[in-house]
Amino acid sequence: MGDTVVKEVEAGGVRLDVWLTSFPQISSRSFAQKLIQEGRVKVNGAPPAKAGQKLRIGDLVEVSFPPPVPAEPEPEAIPLEIVFEDEHLLVVNKPSGMVVHPAPGHTSGTLVNALLHHCRDLPGIGGVKRPGIVHRLDKETSGLLVVAKTEAALIRLAQALKERRVERNYLALVEGVVPVDRATIDAPIARHPVKRQQMAVVEGGRPSRTHLEVLERFPGATYLKARLETGRTHQIRVHMAYIGHPVVGDERYGAKTVVKELEGHALHAAELAFAHPVTGENLKFTAPLPAGFAAYLRRLRKGR
């Protein structure tokens, strides 16, 4: 059996499914809606609750959570695009739409499930829930990600990330025309004070720096390279929204453009470079744009 939690509403006028994301156990609005659909949510003791109903100050919301997911993710035969592999690590090109590790609402079909099938000895590396995971990409972000296959490789790669010795370059299409050719966004990031499933530029947040280089400009859009100096959650997405140029397709952070070619948002981890954690060899990898992203870019070029 899962836990049952009762919480009082302190600020009215918010949709139930949006308000539910303030619970630390609820990772997304879609998970909140799933709980509502399963009849696990009551407002003032009266089911059935509706996702769109507006809450009032003083309402009591009761959530009955399902039993926790198993501690150990299951191996699944999911195809992986492996860019590089040896006995110490592998580099994969993650597709948009794939979650990196299991979480409430995403208990299967993740990169971790696929890795456990591919690397049978991986479960003991770095913990059962995130075996071998050195860094992560958002679900809708495609591109390169390094995974450790030994504990020594995991520790050394994590240290390299901490010391900013891993180069990560992204390609992005953002809304609007960025007026300067190069820029650095230096703005601290923390959890959004109200929308708890989002990050935001917040005074007193963790130092966060993103370096931008404009590659092409189109009417109403800019194609650019973004290099991470730090690696905060949603960093590029938050920084681009902060300067008024959200990533195309990123509705969570204010994008208005709807693009039929895109499977998610137009953000791709295109380049990854680091020293091999065991041999010291300098490694550099590139991944081409996903088909939908590339098709939309071609369409923009034709329209100029």
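# Briefing on a predicted protein model

Thr21 is located in the loop that runs between α1 (16–19) and α2 (29–37). The structure described here is a predicted model. The protein contains six helices and 14 strands, and 46% of its 304 residues count as buried.

**Thr21 and its surroundings**

- Thr21 counts as buried because its relative accessibility is 11%, and the limit for a buried residue is under 20%.
- Leaving aside residues up to four places away in sequence, Thr21 touches Ile26, Ser28, Arg29, Arg196 and Gln197.
- Trp19, Phe23 and Phe65 together make up one aromatic cluster.

**Overall form**

- A compact globule of 304 residues would have a radius of gyration near 19 Å, and the 21 Å of the protein agrees with this.
- The C-alpha trace spans about 60 × 50 × 40 Å along the principal axes of the protein.
- When contacts between residues at least 6 apart in sequence are considered, 64% of them join residues at least 24 apart.
- The protein has an accessible surface of about 15,300 Å², and carbon and sulfur atoms account for 51% of this surface.

- Helix α3 (residues 111–118) is largely enclosed by the rest of the structure, because six of its eight residues are buried.
- The buried residues of α3 are Leu111, Val112, Asn113, Ala114, Leu115 and Leu116.
- The elements that cover these buried residues of α3 include the strands β5 (89–94) and β6 (142–148).
- Helix α5 (residues 235–242) is likewise mostly covered, with six of its eight residues buried.
- In α5 the buried residues are Gln235, Ile236, Arg237, Val238, His239 and Met240.
- Just after α5, Gly244 adopts a positive phi of about 85°.

**Aromatic pairs**

- Five aromatic pairs are found in a search of the whole structure.
- The rings of Tyr223 and Phe293 have centres 6.3 Å apart and planes at 70°, so this pair is edge-to-face; the limit for that class is over 60 degrees.
- The pair joins distant parts of the chain, since Tyr223 lies in strand β12 (residues 221–228) and Phe293 in helix α6 (residues 291–302), 70 residues apart.
- Tyr223 counts as buried because its relative accessibility is 7%.
- Phe293 is also buried, because its relative accessible area is 3%.

**Backbone angles in loops**

- Most residues other than glycine have a negative phi, and most peptide bonds are trans.
- Arg164, which is not a glycine, has a positive phi near 60°.
- Arg164 is placed in the loop between α4 (151–162) and β7 (167–175).
- With a relative accessibility of 43%, Arg164 counts as partly exposed.
- His234 also has a positive phi, of about 60°, although it is not a glycine.
- His234 is part of the loop between β12 and α5.
- With a relative accessibility of 11%, His234 counts as buried.

**Residues separated in sequence**

- Gln37 belongs to helix α2, and its relative accessibility of 68% makes it exposed, because the limit for that class is over 50%.
- Gln37 and Ala49 are twelve residues apart along the chain, and their C-alpha atoms are separated by 8.3 Å.
- Glu151 belongs to helix α4, where a relative accessible area of 34% makes Glu151 partly exposed.
- Glu151 and Gly124 are 27 residues apart in sequence, and the distance between their C-alpha atoms is 8.1 Å.
- Apart from residues up to four places away in sequence, Glu151 touches Gly124, Ile125 and Gly126.

Conventions: Residues numbered from 1 in each chain as written. Predicted model: local features only at pLDDT ≥ 70, side-chain atom pairs only at ≥ 80, totals over all residues. Heavy atoms only, no water. Helix = DSSP H or I, 4+ residues; strand = E, 2+ residues; numbered from the N terminus. Rg over C-alpha atoms; globule rule 2.2 N^0.38 Å. Buried < 20%, exposed > 50% of the residue type's maximum accessible area, 1.4 Å probe, protein only. Contact = heavy atoms within 4.5 Å. Areas by Shrake-Rupley, 256 points an atom, 1.4 Å probe, with all protein chains shown as cover. Phe/Tyr/Trp six-rings, centres within 6.5 Å; stacked < 30°, edge-to-face > 60°.
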